[in-house]
Amino acid sequence: MNPEKIVVTQSETHLHSPFEALGRWRADFQSILSARALDSQLGFRKTWYLGALTLGTFTIQIFTGLLLMLYYHPSIPQGYADMKDMEFVISSGLLLRSLHRWSAHAMVFLVFLHMAKVFYRAAYRPPKELNWVLGVCLLILTLLLSYTGYLLPWDQLSYWGTTVGANIMSSIPWLGPKIRFYMLGGHTVNANALLRFYVLHTMILPLGIISLISIHLWRLHKDGGMYDVDDQGCPLFHGKNPQEKIEQTVALAKEKTISYSDLLFREVIAIEALAVVLVSVALTWKAPLEQLANPMHTPNPAKAPWYFTGLQELLHYFPPFVAGIILPGLIVSGLIFIPFSPFFDNVKTRDAVEWFRSKRARWFTGGILILLVTALFIRQHAWDALFPFWIVVVLTSFAVGPAHDKVDGLRYWLQEKPISFWIMTLFLIEAVVLTAVGTFFRGPGWAWVWPWSA
Ligand code: HEM
């Protein structure tokens, strides 16, 4: 390299205006942030902007959380007194707290919706498979973020909600009590637990989430932007050999526009609209605060936060180790496994049905499986878990019948779906039904109550 040339270049840069320097930065950031995407991928219907909206709620939480930290002390009973002060003494304190609380709920809700939308668009498929796994980690961290924050007000709700969660932990054979001990810093939910949850909630988990989101979005950019799928959710790369795929990719790239101005602009508008909704909600409904936590008085029922009431509902039917560890473990490993499983993800319902040569064999095998699961749920009196299972059974039996492309639109569409579609659909309907029952239909002694009679 010629040193003289460098000197000339540097002196030239000094002469430039700051706007030109800013322009250079802008171009660099633009190339980092923008991904090329097909025009057809930019519309609201493709992603419902759910990833961006999740990011929006997280940003609101960071801002409101930092302000809350200026007033909150992680000690007993000062933490509770600070919550009271937020409500009655500090100006806009209640708004701040409510906004933080409702945006946390919104984040949990949106992250599930985002996951479902990504799944049904098949956007977890190569080259996005590791980004999907990263997403599963983000889902877990989001749940932990909400769960650790739940304890901080130190009221009855938070104390007993955390106790229920910690008890689930201790049901892991051998290691359970040890994990519970390290998690709480003792044998019960006490001042040590409050401090640990505070550090996790305000430092470790947010930093973890920020790092993972950065990698999530960077990979989205590196992997060619938004996933290219046709209207049926099938990848647009139909090429059989690598050369064909490369040619298709190049051809497709020419059709793509830079998503920076189009997509990002729309997503920012969507985030702003969500912020307006959340502020309105926070102004209308204040975040709940019950009596000061009392370890001697267990509320009946002691409910976990809503995103864990589905789990609590399962605990009502199955032993803690099954409901608290085996089933969630299966769900998480199932989610991680989806993009890598040639069996579940590559076999269409139509082809799976064809493995059974005769109609009788098909109905016999299916019938045995359905009977076994039904008998298990009936034995445990788990009627609300049985209901989603049967919805999926009915849908699957509908898909099994003969179908011709145009005439049987829905049936044909279902037959095209991979087996993983049925597993995810079952998981999601179960999650919705069990969470709704646990949250709204359970009263003292976890007995069934109608919400309007409570
Ligand atoms: C804190 C949580 C999360 C944030 C902030 C986030 C953010 C985003 C954003 C902004 C996008 C761009 C497209 C869009 O708006 O949908 C995206 C895409 C994606 N996300 Fe997430 N995400 C999160 C959690 C998850 C989870 C839980 C999963 C799945 C288990 C997931 C899997 C994916 C995948 C595979 C894509 C690529 C989709 C495509 O190519 O069209 N993400 N995410």
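## Helix α18

A residue counts as buried if 20 or more other C-beta atoms lie within 10 Å of its own. In this predicted model, the buried residues of helix α18 are Asp-384, Ala-385, Ala-399 and Val-400. Their cover includes α13 (306–317), α16 (349–354), α17 (359–379), α19 (409–415) and α20 (419–440).

Helix α18 itself runs over residues 383–400. Its 18 residues reach 26 Å from the first C-alpha to the last. That is close to the 26 Å expected at 1.5 Å a residue.

## The chain and its confidence

The chain has 454 residues, and 28% of them are buried. Its secondary structure comes to 20 helices and 2 strands. Among contacts with a separation of 6 or more, 76% join residues 24 or more positions apart.

The average pLDDT is 86, and 85% of the residues score at least 70. Helix α1 (residues 3–15) has the lowest mean pLDDT among the elements, at 52. Helix α4 (residues 50–69) has the highest, at 97. Where pLDDT is low, predicted coordinates should not be read in detail.

## Where α5 meets α6

Two packed helices are described by the angle between their axes and the distance between the axes. For α5 and α6, the angle is about 115° and the axes are 5 Å apart. Asp-85, Met-86 and Glu-87 are the α5 residues in this contact. They meet Gly-93, Leu-94, Leu-96 and Arg-97 in α6. The contact residues divide into 3 nonpolar, 1 polar and 3 charged.

Ser-92 sits in the loop between α5 (78–88) and α6 (93–120). Ser-92 is exposed, because 10 other C-beta atoms lie within 10 Å and the limit for exposed is 12 or fewer. Ser-92 and Leu-283 are 191 residues apart in sequence. In space, their C-alpha atoms are 10.0 Å apart.

## Backbone points to check

Most residues other than glycine have a negative phi, and most peptide bonds are trans. Ser-92 has a positive phi of about 60°, although it is not a glycine. Trp-48 also has a positive phi, near 55°. Trp-48 lies in the loop between α3 (44–47) and α4. With 15 C-beta neighbours inside 10 Å, Trp-48 counts as partly exposed.

The peptide bond from Ile-76 to Pro-77 is cis, with omega near 0°. Pro-77 is in the loop between α4 and α5. The bond from Asn-300 to Pro-301 is cis too, with omega near 5°. Pro-301 lies in the loop between α12 (259–284) and α13.

Conventions:
Residues are numbered from 1 along each chain as its sequence is written. This is a predicted model: local features need pLDDT of at least 70, side-chain atom pairs count only at pLDDT 80 or more; totals for chains, interfaces and linings use all residues. Helices (H or I, at least four residues) and strands (E, at least two) are DSSP runs, numbered from the N terminus. The expected span of a helix is 1.5 Å times one less than its number of residues. Two residues are in contact if their C-beta atoms, placed from the backbone, lie within 7 Å. Axes are lines fitted to C-alpha atoms, for helices over the stretch in contact, and angles run from 0 to 180 degrees between N-to-C directions. Ala, Val, Leu, Ile, Met, Phe, Trp, Tyr, Cys and Pro count as nonpolar, Asp, Glu, Lys and Arg as charged, and the others, Gly among them, as polar. pLDDT is the predictor's confidence in each residue, from 0 to 100.
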